[in-house]
Amino acid sequence: MTPRDTGKISGTSMPEDLLPEFIRRFVEVDNAVVNIGEQKMSEKFDYDQFGEMIQSIGQNKHR
């Protein structure tokens, strides 16, 4: 369930070490498309790609 039934979750708070498994489940079990910054992940979760995506949004904050 999402606000106004949009199908979009715009943010969440959780321990950082649980985030990859949380996102993996959405991608692989729920067939979600996850947007991280300008990048998208779907169908198969890749831990290395996820780490790179997270790093890229952290770098963009400091620009």
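Begin with the largest pocket of this predicted model, which has a volume of about 730 Å³. A pocket here is an open set of points on a 1 Å grid over the protein atoms alone, where a 1.4 Å probe fits, with protein on both sides within 12 Å along at least five of seven lines. Grid points are joined across faces, edges and corners, and the volume is the space filled by probe spheres set on the points.

Select Ile9, Ser10, Ile23, Val34 and Asn35: of the 24 lining residues, these are the closest to the pocket's centre. A lining residue has an atom within 4 Å of a point. Now colour α1 (19-28), β1 (34-36) and α2 (47-61), the elements that give two or more residues to the lining. Helices (H or I, at least four residues) and strands (E, at least two) are DSSP runs, numbered from the N terminus. With four residues, α1 gives the most to this lining. By class, the lining has 14 nonpolar, seven polar and three charged residues. Ala, Val, Leu, Ile, Met, Phe, Trp, Tyr, Cys and Pro count as nonpolar, Asp, Glu, Lys and Arg as charged, and the others, Gly among them, as polar.

Two notes on reading the model. Residues are numbered from 1 along each chain as its sequence is written, and side-chain values use heavy atoms, leaving out hydrogens and water. As the model is predicted, local features need pLDDT of at least 70 and side-chain atom pairs count only at pLDDT 80 or more, while totals for chains, interfaces and linings use all residues.

Zoom out to the whole chain. Two helices and two strands are present, in the order α-β-β-α from the N terminus on. Of the 63 residues, 16% count as buried. Buried means under 20% relative accessible area, exposed over 50%, and partly exposed in between (1.4 Å probe, protein chains only).

Next, the core. Select Ile23, Val27, Val34, Ile36, Met41, Phe45, Phe50 and Met53, the eight residues of the largest nonpolar core. Such a core is a set of buried Ala, Val, Leu, Ile, Met, Phe, Trp, Tyr and Cys residues joined through side-chain atoms within 4.5 Å. Two or more of its residues come from each of α1, β1 and α2.

Which residues does Val27 contact, leaving aside neighbours within four places in sequence? They are Ala32, Val34, Met41, Ser42, Glu43, Lys44 and Phe45. Contact means heavy atoms within 4.5 Å.

Now the rings. The whole structure has three aromatic pairs. Rings of Phe, Tyr and Trp (its six-membered ring) pair if their centres lie within 6.5 Å; planes under 30 degrees apart count as stacked, over 60 as edge-to-face and the rest as tilted. Phe22 and Phe26 are edge-to-face, 5.0 Å centre to centre with 85° between the planes. Both lie in α1, four residues apart, about one turn of the helix.

Move to Phe45 and Tyr47. Their ring centres are 4.8 Å apart and their planes at 80°, so this pair is edge-to-face. Phe45 is buried at 5% relative accessibility, whereas Tyr47 is partly exposed at 45%.

Last stop: Asn31, in the loop between α1 and β1. Its phi is near 55°, a positive value in a residue other than glycine. Asn31 is exposed, with a relative accessible area of 63%.
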